[in-house]
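Here is a short report on one protein model. It starts with the sheet, then turns to the helices and the loops.

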Amino acid sequence: FSFIFFNLAKNIAMKTKITFTLIVLFSISIALQANKPNWGATGHRTVGVIADKHLTKKAKRAINNLLDNHNLAFYSTFSDDIKSDKAFNKFYSWHYVNFAFDAKYDRAKADKDGDLIQAIETCIATLKDKNATRDDKVFYLKMLIHFMGDLHQPLHVGRGEDRGGNDIKVKWFGKSSNLHRVWDSDMIDGYNMSFTEMANNADKLSKAQIAFIQKGTLLDWVGESQALAKTVYSSAKNDDKLSYRYSYDYLATVRQQLQKGGLRLAKVLNDIFG
């Protein structure tokens, strides 16, 4: 696509150097946009599809009513999409939670702007509130779908000092990336399955196994993700070159986390609506 614009620029360059410069800059911009990462959309949608499969009939009816019959996957990236609107800046810190490893979450020291734990609790409380408006219920349902996915990406419960692994720069198959992005999207995208294929190929679990995954509290699940974050941090360091071996070692863990996220999202929604 950028090659077409470049050739166009060459033809117009005969008239004015300024036009040539502007068009080249535009073509570069287009190329960069085309290569912009999807920020984990496939993973979030996989969580949504898995959750949809485990909703009770009563919960599904209530959710269909609020989401105008769109499924959970359709709105699973909503919380990321609204980041482009400054009106929603106050929700930025809701995507993650940082506190000392091996320590309990201290609400007194929690981020005053909110964090992932406060976000999920707020969403649940709003959806349970009989006095909440329909618009509020719709908004916080969309947010909850996404945040339950974030909860199961271990680096969303990582260290604040490196921004959940964003500051750990690595190469992914020779291209610049960072540890957070590797877990957010690089491994998933490299597997080259659609979100429906990922969901349909989740591990087959018994009812007992599903019940075991779904038990526990929100803080239990946070602790589990934080414990996994330690493993992720020990798996790579700055300037590491990651490729096939890394994916072979950790993609199964990513898939398990997506499945847990979907099953637990379904549990939370069934508890709210059913």
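Which residue is the bridge partner of Lys-171 in β3? The partner is Lys-241.

## Basis of the model

This is a predicted model, in which local features need pLDDT of at least 70, side-chain atom pairs count only at pLDDT 80 or more, and totals for chains, interfaces and linings use all residues. Residues are numbered from 1 along each chain as its sequence is written, and side-chain values use heavy atoms, with hydrogens and water left out.

Helices (H or I, at least four residues) and strands (E, at least two) are DSSP runs, numbered from the N terminus. Two strands pair if DSSP finds at least two bridges between them.

## The sheet

3 strands form an open sheet. Their order is β2-β1-β3, and the pairing is mixed. β2 and β3 stand at the edges. Each has a single partner strand, so one side of each is left without a neighbour in the sheet.

β1 and β2 (residues 175-178) pair in the antiparallel sense over 4 bridges. Opposite Val-170 stands Ser-177 of β2. Lys-171 has Ser-176 as its bridge partner in β2. Trp-172 faces Lys-175 of β2. The two strands form a hairpin with 2 residues between them. Phe-173, in the turn, has a positive phi of about 50°. On the β3 side, β1 and β3 run parallel and are joined by 2 bridges.

Buried means under 20% relative accessible area, exposed over 50%, and partly exposed in between (1.4 Å probe, protein chains only).

Helix α8 (residues 179-191) lies across β1, β2 and β3. The helix runs at about 110° to β2. Axes here are lines fitted to C-alpha atoms, for helices over the stretch in contact, and angles run from 0 to 180 degrees between N-to-C directions. Contact means heavy atoms within 4.5 Å.

## Helix packing

Helix α6 (residues 116-128) packs on α7 at an angle of about 145°, with their axes 9 Å apart. From α6, the contact includes Leu-116, Ile-120 and Leu-127. From α7, the contact includes Tyr-140, Leu-144 and Phe-147. By class, the residues of this contact divide into 13 nonpolar, 2 polar and 4 charged. Ala, Val, Leu, Ile, Met, Phe, Trp, Tyr, Cys and Pro count as nonpolar, Asp, Glu, Lys and Arg as charged, and the others, Gly among them, as polar.

Helix α10 (residues 207-214) and helix α12 (residues 244-273) pack at an angle of about 80°, and their axes are 9 Å apart. The two are therefore roughly perpendicular to each other (angles under 35 degrees count as roughly parallel, over 145 as roughly antiparallel, 65 to 115 as roughly perpendicular and the rest as oblique). Ile-210, Ile-213 and Gln-214 of α10 meet Lys-260, Leu-263, Arg-264 and Lys-267 of α12. This contact of α10 with α12 has 3 nonpolar, 1 polar and 3 charged residues.

## Loops with positive phi

Arg-163 is not a glycine, yet its phi is positive, at about 55°. Arg-163 is found in the loop between α7 (134-151) and β1 (169-172).

Asp-239 also has a positive phi, near 75°. Its loop lies between α11 (218-235) and β3 (241-242). Asp-239 counts as exposed, at 61% relative accessibility.
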